[in-house]
Amino acid sequence: MFVRAQLVVPNDAEATASNILNHSFLYRIGFASDLLMAMCDIGVALLFYFIFKATHRELSLTASAFRFAQAIIISLNLLNFYLPLLLLGEGITLPHFSEEQLQSLSLIFLQAHAYGYLISAVCFGISCIITGWLMIRTRQIFPKWLGVIVAAAGISYLSDSGINFLLPDLASTSELLLISIAAPSEILLCAFLMFKGRRGEQPH
(Lines give C-alpha, C1' and ligand atoms only; values in the text may rest on other atoms or scores of the structure.)
Protein backbone atom coordinates (compact mmCIF):
# COMPACT_ATOMS: atom_id res chain seq x y z
CA MET A 1 0.00 0.00 0.00
CA PHE A 2 2.88 2.36 0.67
CA VAL A 3 5.70 1.50 -1.72
CA ARG A 4 3.68 0.56 -4.80
CA ALA A 5 1.24 3.43 -4.33
CA GLN A 6 4.13 5.87 -4.10
CA LEU A 7 6.22 4.61 -7.01
CA VAL A 8 3.97 2.94 -9.56
CA VAL A 9 2.09 5.36 -11.81
CA PRO A 10 -0.67 3.53 -13.75
CA ASN A 11 -0.34 3.77 -17.53
CA ASP A 12 2.80 5.92 -17.27
CA ALA A 13 5.87 3.79 -17.91
CA GLU A 14 8.32 6.69 -17.96
CA ALA A 15 7.19 8.16 -14.62
CA THR A 16 7.15 4.71 -13.00
CA ALA A 17 10.65 3.93 -14.26
CA SER A 18 11.93 7.26 -12.99
CA ASN A 19 10.40 6.63 -9.55
CA ILE A 20 11.94 3.18 -9.33
CA LEU A 21 15.41 4.41 -10.28
CA ASN A 22 15.27 7.45 -8.01
CA HIS A 23 13.94 5.45 -5.05
CA SER A 24 15.50 2.05 -5.68
CA PHE A 25 16.16 1.36 -1.98
CA LEU A 26 12.53 2.03 -1.10
CA TYR A 27 11.54 -0.25 -3.96
CA ARG A 28 13.81 -2.99 -2.56
CA ILE A 29 12.26 -2.52 0.89
CA GLY A 30 8.85 -3.07 -0.70
CA PHE A 31 10.11 -6.32 -2.21
CA ALA A 32 11.66 -7.51 1.05
CA SER A 33 8.56 -6.57 3.05
CA ASP A 34 6.27 -8.56 0.76
CA LEU A 35 8.59 -11.56 0.91
CA LEU A 36 8.75 -11.36 4.71
CA MET A 37 4.96 -11.14 4.87
CA ALA A 38 4.62 -14.30 2.76
CA MET A 39 7.06 -16.19 4.99
CA CYS A 40 5.24 -15.06 8.13
CA ASP A 41 1.94 -16.12 6.62
CA ILE A 42 3.22 -19.69 6.48
CA GLY A 43 3.69 -19.51 10.25
CA VAL A 44 0.20 -18.06 10.67
CA ALA A 45 -1.25 -20.92 8.60
CA LEU A 46 0.43 -23.47 10.88
CA LEU A 47 -0.70 -21.71 14.05
CA PHE A 48 -4.32 -21.55 12.87
CA TYR A 49 -4.16 -25.24 11.99
CA PHE A 50 -3.12 -26.15 15.53
CA ILE A 51 -5.82 -23.89 16.99
CA PHE A 52 -8.67 -25.30 14.90
CA LYS A 53 -7.70 -28.92 14.40
CA ALA A 54 -9.67 -29.94 17.50
CA THR A 55 -12.76 -28.25 16.06
CA HIS A 56 -12.55 -29.82 12.58
CA ARG A 57 -9.23 -31.31 11.55
CA GLU A 58 -10.00 -31.69 7.83
CA LEU A 59 -11.33 -28.15 7.39
CA SER A 60 -8.48 -26.73 9.45
CA LEU A 61 -6.00 -28.52 7.18
CA THR A 62 -7.83 -27.26 4.08
CA ALA A 63 -7.75 -23.64 5.28
CA SER A 64 -4.04 -23.93 5.99
CA ALA A 65 -3.38 -25.49 2.59
CA PHE A 66 -5.07 -22.58 0.80
CA ARG A 67 -3.11 -20.12 2.94
CA PHE A 68 0.11 -21.95 2.03
CA ALA A 69 -0.86 -21.69 -1.64
CA GLN A 70 -1.39 -17.96 -1.23
CA ALA A 71 2.08 -17.53 0.28
CA ILE A 72 3.68 -19.54 -2.53
CA ILE A 73 1.92 -17.54 -5.25
CA ILE A 74 2.89 -14.23 -3.63
CA SER A 75 6.51 -15.34 -3.31
CA LEU A 76 6.81 -16.47 -6.94
CA ASN A 77 4.88 -13.41 -8.12
CA LEU A 78 7.53 -11.19 -6.54
CA LEU A 79 9.73 -12.03 -9.52
CA ASN A 80 7.44 -9.78 -11.57
CA PHE A 81 8.00 -7.03 -9.01
CA TYR A 82 11.79 -7.39 -8.97
CA LEU A 83 12.37 -7.67 -12.73
CA PRO A 84 11.78 -3.93 -13.43
CA LEU A 85 14.66 -3.15 -11.09
CA LEU A 86 16.92 -5.40 -13.16
CA LEU A 87 15.65 -4.13 -16.50
CA LEU A 88 15.99 -0.46 -15.61
CA GLY A 89 19.28 -0.81 -13.75
CA GLU A 90 22.33 -2.87 -14.61
CA GLY A 91 21.07 -6.33 -13.75
CA ILE A 92 19.90 -7.33 -17.25
CA THR A 93 21.41 -6.02 -20.50
CA LEU A 94 19.12 -6.01 -23.54
CA PRO A 95 21.05 -4.10 -26.22
CA HIS A 96 18.29 -4.37 -28.84
CA PHE A 97 15.71 -2.69 -26.60
CA SER A 98 15.38 1.08 -26.39
CA GLU A 99 14.98 2.88 -23.10
CA GLU A 100 11.28 3.45 -23.83
CA GLN A 101 10.78 -0.25 -24.56
CA LEU A 102 12.47 -1.26 -21.31
CA GLN A 103 10.24 1.16 -19.42
CA SER A 104 7.14 -0.27 -21.07
CA LEU A 105 8.30 -3.82 -20.38
CA SER A 106 8.87 -2.94 -16.74
CA LEU A 107 5.33 -1.57 -16.43
CA ILE A 108 3.98 -4.78 -17.97
CA PHE A 109 5.78 -6.82 -15.30
CA LEU A 110 4.31 -4.59 -12.59
CA GLN A 111 0.83 -5.06 -14.05
CA ALA A 112 1.44 -8.82 -14.10
CA HIS A 113 2.45 -8.57 -10.44
CA ALA A 114 -0.86 -6.87 -9.63
CA TYR A 115 -2.82 -9.67 -11.32
CA GLY A 116 -0.68 -12.25 -9.56
CA TYR A 117 -1.82 -10.74 -6.28
CA LEU A 118 -5.44 -11.13 -7.42
CA ILE A 119 -4.79 -14.82 -8.09
CA SER A 120 -3.30 -15.27 -4.63
CA ALA A 121 -6.36 -13.52 -3.17
CA VAL A 122 -8.55 -16.36 -4.45
CA CYS A 123 -6.65 -18.82 -2.24
CA PHE A 124 -6.65 -16.36 0.64
CA GLY A 125 -10.38 -15.72 0.29
CA ILE A 126 -11.20 -19.43 0.46
CA SER A 127 -8.94 -19.77 3.50
CA CYS A 128 -10.69 -16.83 5.21
CA ILE A 129 -14.15 -18.28 4.60
CA ILE A 130 -13.18 -21.63 6.10
CA THR A 131 -11.30 -19.97 8.97
CA GLY A 132 -14.31 -17.77 9.71
CA TRP A 133 -16.56 -20.83 9.91
CA LEU A 134 -14.08 -22.53 12.25
CA MET A 135 -14.01 -19.42 14.45
CA ILE A 136 -17.79 -19.47 14.71
CA ARG A 137 -17.63 -23.11 15.81
CA THR A 138 -14.79 -22.45 18.29
CA ARG A 139 -16.68 -20.12 20.61
CA GLN A 140 -14.52 -21.01 23.60
CA ILE A 141 -11.74 -18.92 22.04
CA PHE A 142 -13.27 -16.68 19.38
CA PRO A 143 -16.44 -14.56 19.48
CA LYS A 144 -18.98 -15.38 16.81
CA TRP A 145 -18.88 -11.87 15.32
CA LEU A 146 -15.17 -12.21 14.58
CA GLY A 147 -15.73 -15.40 12.61
CA VAL A 148 -18.52 -13.72 10.65
CA ILE A 149 -16.40 -10.75 9.57
CA VAL A 150 -13.41 -12.96 8.70
CA ALA A 151 -15.67 -15.05 6.46
CA ALA A 152 -17.11 -11.84 4.97
CA ALA A 153 -13.55 -10.69 4.24
CA GLY A 154 -12.96 -13.94 2.39
CA ILE A 155 -16.05 -13.33 0.26
CA SER A 156 -14.85 -9.80 -0.50
CA TYR A 157 -11.44 -11.12 -1.63
CA LEU A 158 -13.09 -13.65 -3.94
CA SER A 159 -15.45 -10.99 -5.28
CA ASP A 160 -12.61 -8.56 -5.96
CA SER A 161 -10.59 -11.15 -7.85
CA GLY A 162 -13.58 -12.39 -9.81
CA ILE A 163 -14.70 -8.90 -10.79
CA ASN A 164 -11.19 -7.86 -11.85
CA PHE A 165 -10.85 -10.87 -14.14
CA LEU A 166 -14.43 -11.18 -15.41
CA LEU A 167 -15.87 -7.66 -15.16
CA PRO A 168 -12.85 -5.32 -15.11
CA ASP A 169 -15.02 -2.23 -15.68
CA LEU A 170 -16.38 -2.73 -12.16
CA ALA A 171 -12.95 -3.13 -10.53
CA SER A 172 -13.17 0.21 -8.74
CA THR A 173 -16.41 -0.95 -7.09
CA SER A 174 -14.89 -4.21 -5.89
CA GLU A 175 -12.04 -2.29 -4.26
CA LEU A 176 -14.60 -0.70 -1.96
CA LEU A 177 -15.36 -4.16 -0.61
CA LEU A 178 -11.73 -4.62 0.39
CA ILE A 179 -11.54 -1.19 2.01
CA SER A 180 -14.83 -1.49 3.90
CA ILE A 181 -14.81 -5.20 4.81
CA ALA A 182 -11.48 -6.97 4.35
CA ALA A 183 -9.12 -4.37 5.80
CA PRO A 184 -11.14 -3.76 9.03
CA SER A 185 -11.62 -7.49 9.58
CA GLU A 186 -7.89 -8.19 9.37
CA ILE A 187 -7.12 -5.34 11.74
CA LEU A 188 -9.75 -6.54 14.22
CA LEU A 189 -8.48 -10.12 14.01
CA CYS A 190 -4.90 -8.99 14.60
CA ALA A 191 -5.97 -6.84 17.55
CA PHE A 192 -8.01 -9.69 19.04
CA LEU A 193 -5.13 -12.15 18.81
CA MET A 194 -2.72 -9.68 20.42
CA PHE A 195 -4.91 -8.38 23.22
CA LYS A 196 -7.69 -10.92 23.77
CA GLY A 197 -6.17 -14.20 22.64
CA ARG A 198 -5.69 -16.81 25.35
CA ARG A 199 -2.55 -18.88 25.39
CA GLY A 200 -2.49 -22.62 25.82
CA GLU A 201 -6.23 -23.15 25.49
CA GLN A 202 -7.81 -25.72 23.23
CA PRO A 203 -11.54 -26.07 22.52
CA HIS A 204 -13.25 -28.98 24.27
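In this predicted model, helix 2 packs against helix 5 at an angle of about 85°. The two axes lie 8 Å apart. Helix 2 covers residues 13–22. Because of that angle, helix 2 counts as roughly perpendicular to helix 5. Helix 2 brings A13, E14, T16, A17 and I20 to the contact. Helix 5 answers with Q103, S104, L107 and L110. Sorted by class, this contact of helix 2 with helix 5 holds five nonpolar, three polar and one charged residues.

Apart from neighbours within four places in sequence, Q103 contacts A13, E14, A17 and L88. A13, E14 and A17 belong to the helix 2 side of the packing described above.

Is N11 buried or exposed? Its relative accessibility is 71%, so N11 counts as exposed; exposed means over 50%.

Helix 5 also packs against helix 3. Two packed helices are described by the angle between their axes and the distance between the axes. For helix 3 (residues 24–52) and helix 5 (residues 99–137), the angle is about 20°. Their axes are 13 Å apart. Helix 3 is therefore roughly parallel to helix 5, since angles under 35 degrees fall in that class. The crossing of helix 3 and helix 5 is left-handed. On the helix 3 side, the contact is made by Y27, D34, M37, F48 and F52. On the helix 5 side, L110, H113, Y117, T131, L134 and M135 take part. By class, the contact of helix 3 with helix 5 has eight nonpolar, two polar and one charged residues. L110 is named in the contact of helix 5 with helix 3, and L110 is also named in the contact with helix 2.

F81 itself is placed in helix 4, which covers residues 57–88. Leaving aside neighbours within four places in sequence, F81 is in contact with R4, Y27, G30, F31, L110 and H113. F81 and G30 are 51 residues apart in sequence. In space, their C-alpha atoms are 9.2 Å apart.

A121 is another residue found in helix 5. A121 is buried, with a relative accessible area of 11%. What does A121 touch, not counting residues up to four places away in sequence? The partners are Y157 and S161. A121 is also 35 residues from S156 in sequence. The C-alpha atoms of A121 and S156 are 9.6 Å apart in space.

The cysteines were examined next. A search of the whole structure finds zero disulfides. C40 is in no disulfide. The nearest cysteine sulfur to that of C40 belongs to C190, 12 Å away. C190 is likewise in no disulfide, and its nearest cysteine sulfur is that of C40. A disulfide needs the two sulfur atoms within 2.5 Å. The relative accessibility of C40 is 46%, so C40 counts as partly exposed. C190 is partly exposed too, with a relative accessible area of 39%.

The protein has seven helices and zero strands. From the N terminus on, the elements run α-α-α-α-α-α-α. Along its principal axes, the C-alpha trace spans about 65 × 35 × 30 Å. The protein has 204 residues, and buried residues make up 35% of them. Contacts between residues at least 6 apart in sequence were also sorted by separation. Of these, 71% join residues at least 24 apart.

Definitions and conventions:
Residues numbered from 1 in each chain as written. Predicted model: local features only at pLDDT ≥ 70, side-chain atom pairs only at ≥ 80, totals over all residues. Heavy atoms only, no water. Buried < 20%, exposed > 50% of the residue type's maximum accessible area, 1.4 Å probe, protein only. Axes fitted to C-alpha atoms, helices over the stretch in contact; angles between N-to-C directions. Helix = DSSP H or I, 4+ residues; strand = E, 2+ residues; numbered from the N terminus. Parallel < 35°, antiparallel > 145°, perpendicular 65-115°, else oblique. Left-handed = near helix turned anticlockwise from the far one by under 90°. Contact = heavy atoms within 4.5 Å. Nonpolar A, V, L, I, M, F, W, Y, C, P; charged D, E, K, R; others polar.
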